[in-house]
Amino acid sequence: MVAPVLGDHLTAVASAEAILGHSFARPDVLREALTHRSAAHGQRAGRQKGAGSNERLEFVGDRVLGLLIAEWLAERFPREQEGELGRRLAHLVSQPVLATIAEASGLPAVLSVAPGESRAGVRRRATVLADAMEAAIGALYLDGGIEPARRFVRRAWDTAMTAQAAPPKDAKTALQEWAQGRGHDLPAYKVVSREGPPHAPVFVISVTVDGRTGTGTAGTKRAAEQDAASDLLGKLGA
């Protein structure tokens, strides 16, 4: 019974290494990056919720990705100022872009997900894919340093980066203009939940326009609203 499981893990690691373009000195780091919280082992007494899943690596990868995209933008658009670069950055690290790139790279196939969640289609959820992509970048950085992470990001984000002819609009502004241009009511934002300690809150916010809803998760209300607006714009094809 054990051999097939180990074989599955080895296959997933090898496939993920091919996706990321890096041979891991510590495969356990990559396995952690590929483990959704539903499949994390050790949910026993004394273990924190989510232990063994890719959530810690997601935290690292989020920062690494932001740095690498900011670096790339500064090189690519030397005449642009902070506001324009910031809008480009926000778009390129947004959940819809992350999920699209994860899907295109083949990442869903190598994610370790609990059987019930797998049957429910969790591998195709934008939130799960975006988190897994950030975790994979975090694993790249921790195993090989900044250069393997940089190589992967520049390859995987090339299409998204070159598609930006002009700085994108702020997601909330773009969604408001989309709604007004079609005669709809203004976007309605709602705090779905707030978790975590006071010094590190996690907000989940939804936004609704014309019966369609997007959701966003971030450490501040403002960032979560932007994430929700970006999510809904992606669903609307805007």
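User: Is A149 buried or exposed, and why?
Analyst: This is a predicted model. A149 counts as buried because its relative accessibility is 0%, and the cut-off for buried is under 20%.

User: Which helix is A149 in?
Analyst: A149 is in helix α8.

User: And what is A149 in contact with, leaving aside neighbours within four places in sequence?
Analyst: V64, L68, I137, L140 and Y141. V64 is 85 residues away along the chain, yet its C-alpha atom and that of A149 are separated by 8.0 Å.

User: OK, zooming out. How many residues has the largest nonpolar core?
Analyst: It has 46, and those with the most contacts inside it are I69, M133, I137, F152, V153 and W157.

User: Which element gives the most to this core?
Analyst: That's α7, with ten residues.

User: What about F152, what does that residue contact beyond four places in sequence?
Analyst: F152 is in contact with I19, L20, M133, I137, L140 and W157.

User: What's in the second core?
Analyst: That separate core has eleven residues, including L175, W178, V209 and L233.

User: Switching to the strands: what order do they take in the sheet?
Analyst: The order is β1-β2-β3, in an open sheet with antiparallel pairing. β1 (188–195) and β3 (212–218) are the edge strands. Between β1 and β2 there are seven bridges, and R194 stands opposite F203 in β2.

User: Which strands does helix α11 touch?
Analyst: α11 (residues 221–236) packs on the sheet and touches β1, β2 and β3. Helix α10 (residues 171–181), meanwhile, lies across β1 and β2, at about 20° to β2.

Methods
Residues are numbered from 1 along each chain as its sequence is written. This is a predicted model: local features need pLDDT of at least 70, side-chain atom pairs count only at pLDDT 80 or more; totals for chains, interfaces and linings use all residues. Side-chain values use heavy atoms; hydrogens and water are left out. A nonpolar core is a set of buried Ala, Val, Leu, Ile, Met, Phe, Trp, Tyr and Cys residues joined through side-chain atoms within 4.5 Å. Buried means under 20% relative accessible area, exposed over 50%, partly exposed in between (1.4 Å probe, protein chains only). Helices (H or I, at least four residues) and strands (E, at least two) are DSSP runs, numbered from the N terminus. Contact means heavy atoms within 4.5 Å. Two strands pair if DSSP finds at least two bridges between them. Axes are lines fitted to C-alpha atoms, for helices over the stretch in contact, and angles run from 0 to 180 degrees between N-to-C directions.
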